[in-house]
Amino acid sequence: MIGQRMRRLKQAFFVLLVAMTFIASGDWHSIAQRQSNVARVEANRLQVGLGERLFREDRFTTAKGDLFTSCATCHLTDQDPQGHRVFTDFFNRSWVPYRNEDPRRTEIRNSPTLLDVALMPLLHLDGEFKSLEELVAGTFSGRPMGWLPGEEEQAFNQIQTVLLADKATEASASYREQFKAAFDVELDKLSRDQIIGLVSKAVADFMRTMRSKQDSPYDRFVKLNGLEAAPASGESAKAFAGRTLAILSELESKKALKLGNGFDQKALNGFRIFLRTEGAASVGNCVACHVPPLFTDNSFHNLGVSQAEFDRLNGEGKFAQLEIPNAATAKRPSAKFRETVEKGRLGVADLGHWNFVDLKTSSLRRAGESDDQLLRRMTGAFKTPTLRHLKFSEPYFHSGDYLSLEAALMEIVRLSEMARAGQVREPDDELLKIRLNDADVRLLLVFLATLNGSPEK
Ligand code: HEC
Ligand code: HEC
């Protein structure tokens, strides 16, 4: 009895502590906080197991659509005979259940990998959500599950109904039993909103376990040569890259550089191009945004991919003519600027983070920048994706229009040249520094292949 009470007390204390640190930090930017959330999860096996089951649950889909979806429909691992995935599907844009009232067949964007997603400050490629929990509740009641805007209440009621009616089977305990074991709650004594809160927490905790193993040929090369895996705290990506290039040259001149299994001379040359941030030739400048060890800066940049799609469908130069309201007049998020581009619909585009950048608090604001300048700079800006495990996540870019990595890299080269010629609307400054020829691209492809670790989960 007392033991049990102590345990409860300890649990309550722990919850309080977590809540307090969260409130005290008051900052979802805090990396330490996100890392400690990830660590806490290890202690929560039952919640994670429940979260995994909910991730694969397709009975939360609306019956008014023509498909049953679960999170795992679009975020696959090894369920598909077509091959292994890293929580992505095989579509350029994932299918959603069809609804007469909203004739869209697909999601706005390509489904990204979920590996290491718990370390990201903002979620979705446009930064729509500030926490995994918020994302889960929004997704279970949104278009991916066939629900239309305004049907959130119905969606949440259905989740409650499904959970309460669930019966134990040989394969699994009932949801009631699983919630009791994981959270020590009686499901039927909770309000619907409390249930949605716990569902969101369990699925979020499951996603916190989705970490990429850092065991790729690249990781082995880094260890073998005693290189640093990440910039030092406070060090810029550029400084880190410069330092790494110098160490590589020094080791090489001493004949002490070791190439390893799966990391050959070509990969090394590709790595150098990846790291080079200035010069007139063979400059990838990739590191400016794809920062090791996860090869992302968790930030948002415009490479011109939205423009490329828009102009491919509507004619060169058409995106430049799109009327985009300024900071004072823009209503954001905007349905027409958060839409899949279609031929002939000249007023509709996907402007990415433009829809969600918080003009009061965004850390992306530069010194002296006005609201309007910041907002304009976010035109077509999308989250920098990780470059790990790309072999298992094609097609590429937010549009999913690029079926091979080679096509994706050739597009980056083309857009960098267009940006220098002043033909990309609001390009990221770092895009202009990329200077690559075909041979460089081939070496970069060899390097990127060394970032494919052993697929897991
Ligand atoms: C119909 C397909 C589909 C379903 C179902 C789906 N997703 Fe997604 N998911 C996507 C797409 C597409 C994106 C990219 C969305 C964007 O950027 O607007 C995404 C993005 C995400 C992200 C953000 C990744 C990042 O890098 O920011 C997370 C996390 C996620 N999904 C988790 C889930 C969970 C959890 C569920 C179930 C509750 C789910 N998804 C259901 C297609 C789907
Ligand atoms: C200015 C920042 C920046 C630079 C510099 C940059 N990238 Fe990216 N990269 C991004 C962003 C942002 C995206 C997503 C763009 C989109 O979907 O609209 C992306 C997407 C990609 C993708 C597609 C990945 C996927 O999962 O869809 C690959 C591959 C890639 N970059 C490789 C590179 C390489 C190689 C370099 C160097 C030649 C490079 N990038 C330079 C920011 C950058």
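These are my notebook entries on a predicted model of a protein with two ligands.

**Entry 1: ground rules**

I number residues from 1 along each chain as its sequence is written, and I letter chains from A and number ligands from 1 in the order in which they are written. Because the model is predicted, local features need pLDDT of at least 70 and side-chain atom pairs count only at pLDDT 80 or more, while totals for chains, interfaces and linings use all residues.

**Entry 2: the whole protein**

I began with the overall picture. The protein has 16 helices and two strands; these are DSSP runs, helices being H or I with at least four residues and strands E with at least two, numbered from the N terminus. Its radius of gyration is 23 Å, close to the 23 Å of the globule rule for 457 residues, so the protein is as compact as a globular protein of that length. (The radius is taken over C-alpha atoms, and the rule is 2.2 Å times the number of residues to the power 0.38.) I also looked up the span of the C-alpha trace along its principal axes, which is about 70 × 55 × 50 Å.

How many of the 457 residues count as buried? The share is 38%. Buried means that 20 or more other C-beta atoms lie within 10 Å of a residue's own, exposed means 12 or fewer, and partly exposed is in between, with C-beta atoms placed from the backbone.

Next came contacts, meaning pairs of residues whose C-beta atoms, placed from the backbone, lie within 7 Å. Of the contacts with a separation of 6 or more, 69% join residues 24 or more positions apart.

**Entry 3: around the ligands**

Which residues come closest to ligand 1? I found Cys71, Cys74, Ser94, Leu125 and Pro144, out of 26 that surround ligand 1. A residue is near a molecule if its C-beta atom, placed from the backbone, lies within 6 Å of it. The elements giving two or more residues to this shell are α4 (71-74), α5 (132-140) and α8 (192-208), and α5 gives the most, with four residues.

I sorted this shell into 16 nonpolar, seven polar and three charged residues. Here Ala, Val, Leu, Ile, Met, Phe, Trp, Tyr, Cys and Pro count as nonpolar, Asp, Glu, Lys and Arg as charged, and the others, Gly among them, as polar.

Then I turned to ligand 2. It has 27 residues around it, and Cys286, Cys289, Val305, Tyr396 and His398 come nearest. Helix α15 (residues 405-420) supplies the largest share, four residues. This shell holds 18 nonpolar, seven polar and two charged residues.

**Entry 4: helix α5 from the inside**

Leu132, Leu135, Val136, Ala137, Thr139 and Phe140 are the buried residues of α5. Their cover includes α6 (152-165) and α8. I noted a handy rule here: an α-helix has 3.6 residues a turn, so residues three or four places apart point the same way.

How do α3 (residues 45-55) and α8 cross? Their axes come within 7 Å and cross at roughly 100°, which makes α3 roughly perpendicular to α8. Axes are lines fitted to C-alpha atoms, for helices over the stretch in contact, and angles run from 0 to 180 degrees between N-to-C directions. Under 35 degrees counts as roughly parallel, over 145 as roughly antiparallel, 65 to 115 as roughly perpendicular and the rest as oblique. Among the contact residues are Leu50 and Leu54 of α3 and Val199 and Phe206 of α8.

Helix α11 (residues 265-275) and helix α16 (residues 438-449) have axes that come within 7 Å and cross at roughly 105°, so α11 is roughly perpendicular to α16. Their contact includes Phe271 and Phe274 of α11 and Leu443 and Phe447 of α16.

Most residues other than glycine have a negative phi, and most peptide bonds are trans. I looked for exceptions. His124, in the loop between α4 and α5, has a positive phi of about 75°. Phe397, in the loop between β2 (382-383) and α15, has phi near 70°. Both turned out buried: His124 has 21 C-beta neighbours inside 10 Å, and Phe397 has 22.

I also found cis peptide bonds. One runs from Arg332 to Pro333, with omega near -10°; another joins Glu394 and Pro395, with omega about -5°.

How values were computed. Two residues are in contact if their C-beta atoms, placed from the backbone, lie within 7 Å.
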